[in-house]
Amino acid sequence: MKNIRRLSMVAFLSACAVPTLQAAPLLDENFQDGNIAGWSTTGNVYTNSYYGNYSIGLGGAYARATYTLSTAGYINVNIALDISAYSLEYGERCIAEVSNDGGSSWVNAITLYNGQDNSALYSVSSVAIDADNKSQLMIRYRNAVNNYNDYCYGDNILVTGDADSSGGGSSGGSSGGNDDYYDELNGSGNVSRSLLSYATLMSGSDPGSRVNLSAYAVPENAAHPDHALAGKIRLSGEATGGSFSEVKDTYNYTGSADDTRKHLPEFDFGFIQTGSHIFPLQRGSIASAHPDWEYVLTPGRVWQENSDNGYSRAAIPFALQQRNANCMHNGVMTFLFKEDGSVSKVAYQISSETCLYFKADWWGLLSATYTPESIPNQSQLIQGYQAEIAARIPTKPLSDLSTDYPGTDPSVFEAPNSTDPSHVSTAGFVYAGVHYRGECVTRYGNYPYCSSMVVPSYSTAKSLFAGVAMMRLEKLYPGVRNTYVSNHVPACNSNGNWFDVTLNNLLDMATGNYGSAVYMEDEGATHTDGLFLSDNHNNKINYSCSQYTRKATPGGQWVYHTSDTYIAGTHMNDYLKTQQGSSADIFAETIVSDLWQPIGVSPTGQYTRRTYDAMEQPFAGWGLMWLPDDVAKITRFINIEDGEINGQEMLDNLQLDAALQRNTSDTGTVPLTDYRYNNGFWAHNVAGNLSGCSGDQWIPFLSGFGGITIVLLPNDSIYYYFSDNDTYFWLEAVQEAHQIQSACQ
């Protein structure tokens, strides 16, 4: 049964005349009349009756059903729907998704997997997407199955909205008040505040003091902001202002005297507000004249408090990333503003990091200017930002695991065994379409914007950049993995050590060129400064090609060298240029355009460290950065979706299976007893540690410097943590995940 309502001109004019919102159902569909007229279908789509309840059914591979409606003239549009599945096998999925741009991009509403296929209805009460005033809002059910006898069902679709009494939706702006209701805050604004008060932000003295970071958070009773920000925020006195307290300094970077590392870089950046959100115009690591630090800016929030005397209050998460390195120090700044350019001082504080060798707190209260500006393409930028937020995987606290799966101990996932939780930037568990995430702990309370916290990849990039790039190239150009280094890296031609080394050998850490076969002795040597400290490509590649002599036949002895992965990135970049032209870039095209953008990785996660010379060579073996949602999406694509996007195979499946230890004819090299390394991915045999499993149990995982672990479990789940206490424990988490669903192979 269907009830569709569109706003007529008469109704629209009436709505404009009445200063109240008129609730209306825009689509109410439960299929009880057995009719699917109006749905655009592909494949085997039909009406299904199950004990008297009708639904829309999808059977067999690549079936889909799409419904299109208009929400023009409506705001606060909400989409609710149900989905169920039957007879799914490993890797198969039933998917409900929504598009607000006519099908150019899709936001996942809910995805069902093997284990959720008992025909029970799963409900979504509110799809996270901007659906206001859309000429083409599309709701789609589709499957990703292999057999005719695999089924997906859609039901109980309800789209509601309020008639827009303002005469149309708003995208925010730099004048006239904030009439943008995106992520509207409904508090009264009556907030009791003792830290970072109006008086402190207006007339406090630098540096102030460190506070619990809850002072930077959106308070419980916050009201929707009255003002909208669009323009530049500039700080004054960064080079001398603020305060600094060292926690750990392995390399003696700073002493008792003043030092550039103790101060922020110059801050002069553009921002746009939409509703209660604010986001930067620049993402990724932003190069600067500062000798030590570069900013990474991420999305924040804006709200109203009655005690702020008519100003709106903004909070902007940011990070300092070490220049030419991967260490990340996360902070947040806050200030008051009005649309006329009035602005308070800016308070900032950094009290956590993902960095093994340098830990510190920074805080201060600096003068600022706000220059309102007309931002080119502002409405498109806002739409892109809202789509980014809407596309995030649904999250729940890790503590909810004990409710969703009774008997589960969530604490096992919060921090690796024997690791102080204060060393864990964030941890999470991805299962059954939900991203269960822990708190982002700092030395001064929890980080208030965990979704915007930036984490570094370190060597997990060897898997998710170098390894995945090879799999994508192998899909596009079969045989690339067996091409020789000497044909694509001229710097490796001089000593004769690379003529018989293949790209595959590089990614398996088995080039036959090394100094010592003792575990990690080469990688820990001081001469690796020639790779890590140099900031230009020539120095990095010359070190990588010439440092080691031939000791073994390629393909046999495993010796870990980040320099080998740097060569691999150079090799693949050159190969891609021979195929696609001199402007081609292995990261921008093969990783970002082909993979990360389609799966919804944030602009932050679409960044990699590069050399600072004209080559701008991507590192390949370290230097990526992510938000927590990016980690979940990328690893879901690899481990759960088997490298497919919308049912299309994007990676070479033989090489993906080899990396995940699912290809018995290609298991990689052997670093240690019960460990394997293949295509940049590690694996550990946990035989005897999973109850009910027999034989070898190879669990693939990714590992990064300082204490970063991402585990790709064979039960369609993912466990990760980003820490910096040089601890690498994950067996207990795997055992707990095994209790939720068997991880036996």
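## Close-up views of a predicted model

**View A. A side chain of T570 meets the backbone of Y566.** A polar atom in the side chain of T570 sits 3.0 Å from the backbone oxygen of Y566. Keep in mind, as you look through these views, that the model is predicted. T570 belongs to helix 10, which covers residues 562-580. Is T570 buried or exposed? Its relative accessible area is 9%, and since buried means under 20%, T570 counts as buried. Setting aside residues up to four places away in sequence, T570 touches H488, V489, H537, I541 and Q617.

View B. Start with strand 11, residues 230-235. Five bridges join strand 11 to strand 13 (residues 268-274), and these two strands run antiparallel. Which residue of strand 13 is the bridge partner of I233? That partner is F269. Now turn to strand 22, residues 368-372, which is joined to strand 11 by five bridges and also runs antiparallel to it. Here K232 stands opposite T371 of strand 22.

**View C. I638 and F681 have the most contacts inside the largest nonpolar core.** This core has 104 residues. Helix 6 (residues 461-476) gives the largest share of the core, nine residues. At least three residues come from each of domain 2 (198-384) and domain 3 (458-650). To explore the surroundings of I638, look for its contacts beyond four places in sequence: L464, V468, G643, L651, L656, L660, F681 and L712. Another core lies apart from this one; it has 41 residues, including A85, I110, A131 and V159. In soluble globular proteins, nonpolar side chains tend to be buried together.

**View D. C94 and C152 form a disulfide.** How many disulfides are there in total? The count comes to five, and this view shows one of them, with the sulfur atoms of C94 and C152 1.9 Å apart. The pair links distant parts of the chain, 58 residues apart: C94 is in strand 6 (residues 93-99) and C152 in strand 10 (residues 151-163). The link is left-handed, with -80 degrees about the S-S bond. Both ends are buried: C94 has a relative accessibility of 0%, and C152 has a relative accessible area of 2%.

**View E. C440 and C450 form a disulfide between two loops.** Their sulfur atoms are 1.7 Å apart, and the link is right-handed, with 55 degrees about the S-S bond. C440 lies in the loop between strand 25 (434-437) and strand 26 (441-442), while C450 lies in the loop between strand 27 (445-446) and strand 28 (455-456), so the pair ties together parts that are ten residues apart in sequence. C440 is buried at 0%, and C450 is buried at 10% relative accessible area.

**View F. C492 and C545 form a disulfide between a loop and a helix.** The two sulfur atoms are 2.0 Å apart. With -70 degrees about the S-S bond, this link is left-handed. Because C492 lies in the loop between helix 6 and helix 7 (503-507) and C545 lies in helix 9 (residues 537-546), the pair ties together parts that are 53 residues apart in sequence. C492 is buried, with a relative accessible area of 2%, and C545 is buried at 1% relative accessibility. Counting bonded cysteines along the chain, the disulfides follow the pattern 1-2, 3-4, 5-6, 7-8, 9-10.

Methods: Residues numbered from 1 in each chain as written. Predicted model: local features only at pLDDT ≥ 70, side-chain atom pairs only at ≥ 80, totals over all residues. Heavy atoms only, no water. Helix = DSSP H or I, 4+ residues; strand = E, 2+ residues; numbered from the N terminus. Buried < 20%, exposed > 50% of the residue type's maximum accessible area, 1.4 Å probe, protein only. Contact = heavy atoms within 4.5 Å. Polar contact = N/O pair within 3.5 Å; in protein donor to acceptor, adjacent residues only side chain to side chain. Pairing = 2+ DSSP bridges. Core = buried A, V, L, I, M, F, W, Y, C linked by side-chain atoms within 4.5 Å. Domains from an automatic or database assignment. Disulfide = S-S within 2.5 Å.
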